[in-house]
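Please read this report with the sequence and the model side by side. Take one section at a time and find each residue as it is named.

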Amino acid sequence: MIKRTLSLVVIAGLAAVGFLAPRPPEPAEPLAGLIIDTPGLASPTDAGLWYCAWARSNASRDSLLSVASMEPASAEFTFPVAIPGADPDSASVQTVGPGAADLMLSDIAQRGDSPFIVEFDNGPSAAAVTVSGEMMAADACVSRGPETWYFPGGSTMPGQELTLRVFNPFPETAKVTVGGVSEIGVEALGDFRSWSINANSWRDIAFEQELNSRQDLVVSVSVEEGTPIPAMALRTEGDDAWWPGGGVSEVWEFPVVGTPGMNGFLIVSNPGITPVTVTIDLY
């Protein structure tokens with residue numbers, strides 16, 4: 001998360017957001033079938049493979065790669081190299097059950113951006129990345145995702161850099177279509193329709209170049225082929241934040257909405273074709 005600002009992002013697909021909110025009226029018929037049962041951030045239950053699109057090790061930054069498992073497990077790390085035919089880097093750690101382990105990316109590879117895969121031979125399990133150096137940012141990896149990922153909370157105002165990364169950890173080419181909606185309406189991103197990501201590689205989109213001076217930008221990534229894993233990064237002077245995308249849901253719960261010295265924001269986006277009612281309960 002950004003050090004000075006804690007942003008809470010949420011997709012409102014049909015109805016309510018909050019803690020134990022009363023169930024709202026049934027949605028209008030045109031939204032039928034929109035709800036996805038599981039958001040992009042998956043529960044650790046039974047997850048054996050985790051995908052971490054954002055990690056970096058260079059002269060100014062390093063990444064702590066953390067894993068946990070409820071049972072004794074071996075966690076195997078694979079770091080694809082964005083050069084066709086190049087062998088990936090690899091590493092492994094052991095966890096007791098329940099237990100955790102970590103390693104520094106710089107001990108494995110120092111080549112800047114290094115998305116990776118973690119495979120556990122036992123679980124339930126979980127994985128996360130903390131990037132530090134001139135700044136600090138952290139978030140969980142994902143184990144699965146929806147057919148369309150959503151990224152609320154974007155901004156390309158002066159002094160802000162917003163980057164979408166699409167990581168394809170598999171040996172087949174992946175294709176996605178990237179869309180955007182901002183305060184001025186639907187954005188034209190025709191260059192990123194059926195956008196290809198080579199096998200065992202990743203590609204970035206710098207939105208401060210594509211869509212400059214947008215205060216509220218929601219980005220969607222629709223998967224056409226393969227199983228790509230997208231992530232978003234927002235950079236300002238001295239601060240970084242990165243976060244994985246999510247699907248849509250009827251109810252979202254946030255155990256932390258603010259900490260001393262930080263401002264909390266709730267960002268709600270409706271990708272449907274009819275208005276929705278959002279109920280927010282605070283405790």
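## Ground rules and confidence

This is a predicted model, in which local features need pLDDT of at least 70, side-chain atom pairs count only at pLDDT 80 or more, and totals for chains, interfaces and linings use all residues. Residues are numbered from 1 along each chain as its sequence is written, and side-chain values use heavy atoms, with hydrogens and water left out.

The score pLDDT is the predictor's confidence in each residue, from 0 to 100. The protein chain averages 84. Of its residues, 83% score at least 70. Strand β1 (residues 5–11) has the lowest mean pLDDT among the elements, 41. Strand β16 (residues 195–197) has the highest, 97.

A contact means heavy atoms within 4.5 Å. Where pLDDT is low, the predicted coordinates should not be read in detail.

## The chain as a whole

What is the chain built from? It has one helix and 21 strands. Both kinds of element are DSSP runs, numbered from the N terminus: helices are H or I with at least four residues, strands are E with at least two.

Buried residues make up 45% of the 283 residues. Buried means under 20% relative accessible area, exposed means over 50%, and partly exposed lies in between (1.4 Å probe, protein chains only). Now take the contacts between residues at least 6 apart in sequence. Of these, 79% join residues at least 24 apart.

## The sheet β7-β4-β10-β11

Four strands form an open sheet in this order, with antiparallel pairing. Two strands pair if DSSP finds at least two bridges between them. Why do β7 and β11 (136–140) stand at the edges? Each has a single partner strand, so one side of each is left without a neighbour in the sheet. Neighbouring strands here are turned by 15° against each other on average, direction ignored. The axes behind such angles are lines fitted to C-alpha atoms, for helices over the stretch in contact, and angles run from 0 to 180 degrees between N-to-C directions.

Strand β4 (residues 61–69) has nine bridges to β10 (residues 125–133). It also has six bridges to β7 (residues 99–104). Strand β10 in turn joins β11 through five bridges.

| Strands | Bridges | Residue pair |
|---|---|---|
| β4 and β10 | nine bridges | Ala68 and Ala126 |
| β4 and β7 | six bridges | Ser66 and Asp102 |
| β10 and β11 | five bridges | Thr130 and Ala138 |
| β13 and β19 | seven bridges | Glu161 and Arg235 |
| β19 and β20 | six bridges | Ala231 and Pro244 |

In a regular strand the side chains alternate between the two faces of the sheet.

## The sheet β17-β13-β19-β20

This is also an open sheet of four strands, with antiparallel pairing. Its edge strands are β17 (201–206) and β20, and each pairs on one side only. The twist averages 20° from one strand to the next.

Strand β19 (residues 229–236) is mostly covered. Seven of its eight residues are buried. Strands β19 and β20 make a hairpin, with two residues between the strands. There, Gly238 takes a positive phi near 85°.

## The disulfide

How many disulfides does a search of the whole structure find? It finds one. A disulfide is a pair of cysteine sulfur atoms within 2.5 Å. Here the partners are Cys52 and Cys141, with sulfur atoms 2.0 Å apart. The torsion about their S-S bond is about 105°, so the disulfide is right-handed. The pair links distant parts of the chain, 89 residues apart. Cys52 is in strand β2 (residues 49–52), and Cys141 is in the loop between β11 and β12. Both cysteines, Cys52 and Cys141, are buried.

## A loop residue: Thr156

Thr156 lies in the loop between β12 (148–154) and β13 (161–168). Is Thr156 buried or exposed? Thr156 counts as buried because its relative accessibility is 0%. Its side chain reaches the backbone oxygen of Leu211 at 2.5 Å. Leaving out residues up to four places away in sequence, Thr156 touches several others, including Leu162, Phe207, Leu211 and Arg214.

Note on methods:
A polar contact is a pair of N or O atoms within 3.5 Å; within protein, one must be able to donate a hydrogen and the other to accept it, and residues adjacent in sequence count only if both atoms are side-chain atoms.
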